[in-house]
Structure formats: C-alpha cells, structure tokens
2 protein chains.
Amino acid sequence: MTKKERHELILKLITEKEIDNQQDLSNALKKSGIEVTQATISRDINDLKLIKINGIAKKYRYSLPFSQAIISHESAEILSKLVISVVTTSNFIVIKTLDGSANTAANIIDDATFVNVLGTIAGDNTILIVLNTKQDAEVVCQKIKELIKNA
Amino acid sequence: MTKKERHELILKLITEKEIDNQQDLSNALKKSGIEVTQATISRDINDLKLIKINGIAKKYRYSLPFSQAIISHESAEILSKLVISVVTTSNFIVIKTLDGSANTAANIIDDATFVNVLGTIAGDNTILIVLNTKQDAEVVCQKIKELIKNA
DNA sequence: ATTTTTGTTGTATAATTATTATGAGGTGTA
DNA sequence: TACACCTCATAATAATTATACAACAAAAAT
C-alpha cells in the first residue's frame with residue numbers, strides 16, 4: 001500500500017460518507033484493509049488540504065475544498081447530453097433527462113458531491129434531488145446548470 | 001414558562017431529534033419560543049438525569065437513561081445494516097442506504113405500516129418517504145430511527 | 001557493500017477546539 | 001429576608017487534531 005493509494009481511498013471515503021473525525025476515517029480505512037493511526041491520517045488530511053464543512057446528518061464532514069470538487073470534463077459532457085431541463089421548486093430540484101438515462105445522470109451528479117444534497121432519486125427520465133432549503137436548491141441548481149453549460 | 005414546562009419540552013425534543021449538545025438543545029427550545037442559555041440547559045440535563053447514548057446519524061444523542069424496544073428484532077436488524085442515515089426535510093423523510101439496498105430497506109419500512117405515510121419511493125441507495133405534514137415526518141422519522149437503534 | 005540521506009510511520013503527548021459545569025451576581029416572588 | 005431561578009463569564013473536562021521524536025526502510029551516494 002502506497003501513500004498515494006491511501007490518499008485516493010481517503011478521498012473516496014470522504015465523498016461517500018460523512019466522516020467527521022480522523023479516528024472514524026482510520027476505522028473506515030481499516031475496513032478497506034489499510035491500517036494506519038490517527039497521526040498518519042492527520043498528516044494525510046494536511047497533505048490533501050481537506051477541510052471541514054457542515055454535514056447534513058453530522059455537524060461536520062471532511063471535504064475537498066469546493067474549488068477542487070471533482071467532476072471530469074467527460075462526465076460533464078455526458079451529463080449535458082442526457083439532461084433536458086433542470087428546475088427548482090421549494091427545496092427540490094427536478095431534472096428531466098432522456099428516457100432511461102436518469103440513473104446515469106444521477107450518478108454523475110451524485111459524484112459531483114454537492115454537500116447540501118440530502119438525497120437523490122432517479123426514475124426513468126426524471127431525477128429528484130432533495131435539499132435542506134430552498135436556498136440550497138437554488139444554489140445547487142445553478143451549479144448543475146453551470147456544469148452542463150461548461151461541458 | 002415554568003421550569004417544568006421546559007423540562008417537558010426538552011424531553012419531547014430529545015426523543016424527536018438527535019440532539020448531541022446543549023447549545024443545539026438551546027437552539028431547538030428557542031424555536032419553540034423558550035429562550036434559555038446553555039448554562040441553564042446544563043442544569044436541566046442534570047435535573048432530568050439525561051445521558052448521552054450513541055446516535056444513528058450523530059455520534060451521540062441525549063436520551064433518557066432508558067430505552068423502549070418496539071418492533072420485529074429481525075427486520076430491525078437488517079434495516080440497521082442497510083441504512084446509512086435518516087433525515088427529514090419539510091414533509092419528507094430521506095433515507096440513505098447502502099448501494100442497491102434501498103428497495104429492501106423500503107419494504108421493511110413499509111411493512112412497519114406507519115399510518116401517516118402517503119407514499120414511499122426507493123431508488124438505488126435512497127428512499128423518499130412522503131408524508132402529510134412536517135410533524136408527521138418528524139414523528140415517523142423518529143420511529144424509524146428507533147427501529148434501527150433498538151436493533 | 002557500506003554509509004548517508006530522505007521519507008514515512010507509530011507512539012506518546014502537546015495543542016487546540018468543543019462541550020459542559022459552576023461561581024458570582026441579579027431579579028422576582030412569597 | 002429567604003428562596004428559586006436565571007444569565008454571564010469562565011473554569012473544567014472531553015474530544016479532536018497536530019507534532020516531536022525515535023525507528024525503520026528504501027534510495028542515493030561514497
């Protein structure tokens with residue numbers, strides 16, 4: 001196991017789960033077969049420049065600073081082809097996609113790790129994204145539109 | 001507002017929500033129109049002999065030092081393994097599950113027949129439960145959490 | 001083939017931050 | 001007055017994170 005691999009796994013873990021302290025992260029790594037101490041995690045966090053942001057269920061969560069949020073050009077391109085419309089209503093975003101593509105699009109959007117997203121549900125040609133507040137919905141909606149526009 | 005009333009409200013709040021610190025509790029009380037400082041809460045907690053137990057979404061939560069187990073141990077056990085988080089927003093409950101497990105979890109929850117549930121939609125790793133009111137959502141959310149907790 | 005340098009880690013613990021408890025003083029009421 | 005109860009300020013405690021130091025391994029230099 002190299003440090004690089006560990007770093008990658010850390011990034012994966014913190015985007016998949018709300019992890020709010022280094023011991024939890026150490027435990028999560030352990031489940032993936034990588035065993036290091038909190039001290040090492042502390043250094044990793046520092047290397048990766050991770051920050052703590054507000055979580056949904058938890059008070060905090062580790063995260064990449066938003067500027068580094070990850071979505072590949074390729075993904076954005078696919079997204080732009082699949083998505084027909086993006087609208088908000090109260091604390092929801094409703095996205096219409098090509099028939100049968102809602103899931104693909106939803107996965108791409110999920111991977112973009114918008115931190116305020118409570119949950120995402122994809123049907124056949126519709127995605128419903130649930131957020132905490134109307135404001136969150138508007139912000140995230142805008143971000144999604146930008147992703148598509150810049151693809 | 002009497003101290004007794006406040007104590008009762010505190011008990012109500014801590015059973016409905018996962019509250020993990022005194023400031024949060026103070027804030028929650030404020031929303032109900034009762035404004036006291038953390039210092040007072042500290043004394044209330046002491047009066048009520050509340051304890052901190054493990055939460056589901058959060059690391060801790062305040063609780064009465066007893067716990068009433070309610071439903072099918074087997075189902076609850078499965079549920080507890082599948083569910084990652086349970087949160088409410090307006091009149092919805094959003095449940096995150098392990099990938100691919102949303103349907104299984106949704107079925108178990110459906111079987112628990114919460115009377116106020118309007119409908120349940122399961123995606124791949126997210127369940128959306130729609131209820132009549134925000135209050136219903138909070139109550140049912142709490143019940144689901146209890147199911148899991150007591151597993 | 002040794003020796004030196006460099007980088008990485010764990011242990012132990014220091015530093016920091018978050019949370020809770022409490023002393024002192026004020027207000028209202030019997 | 002005596003008492004209950006509160007806030008403010010801050011002390012005490014607990015949780016979390018960072019780091020000094022020693023050990024080790026691998027790469028580089030001699």
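Biologist: How many residues surround DNA strand C, and which are the closest?

Modeller: First, a word on what we are reading: this is a predicted model, in which local features need pLDDT of at least 70 and side-chain atom pairs count only at pLDDT 80 or more, while totals for chains, interfaces and linings use all residues. Residues are numbered from 1 along each chain as its sequence is written, chains are lettered from A and ligands numbered from 1 in the order in which they are written, and side-chain values use heavy atoms, with hydrogens and water left out. A residue is near a strand if one of its heavy atoms lies within 4 Å of it. Here 19 residues surround DNA strand C, and the closest are A:Arg6, A:Thr40, A:Arg43, B:Lys52 and B:Tyr62.

Biologist: Which parts of DNA strand C do the atoms within 4 Å of the protein belong to?

Modeller: Sugar or phosphate accounts for 57% of them, and the rest belong to bases. Particular polar contacts (pairs of N or O atoms within 3.5 Å) show both kinds of partner. A polar side-chain atom of A:Arg43 lies 2.7 Å from a base oxygen of DNA strand C, and one of B:Gln38 lies 2.8 Å from a base nitrogen, whereas B:Lys52 places such an atom 2.7 Å from a phosphate oxygen.

Biologist: Which elements give two or more residues to the surface near DNA strand C?

Modeller: Helices are DSSP runs of H or I with at least four residues, numbered from the N terminus. The contributors are α1 (3-16) and α3 of chain A, together with α3 of chain B; α3(B) gives the most, with four residues.

Biologist: Which element gives the largest share of the surface near DNA strand D?

Modeller: That share, four residues, comes from α3(A).

Notes. Polar contact = N/O pair within 3.5 Å; in protein donor to acceptor, adjacent residues only side chain to side chain.
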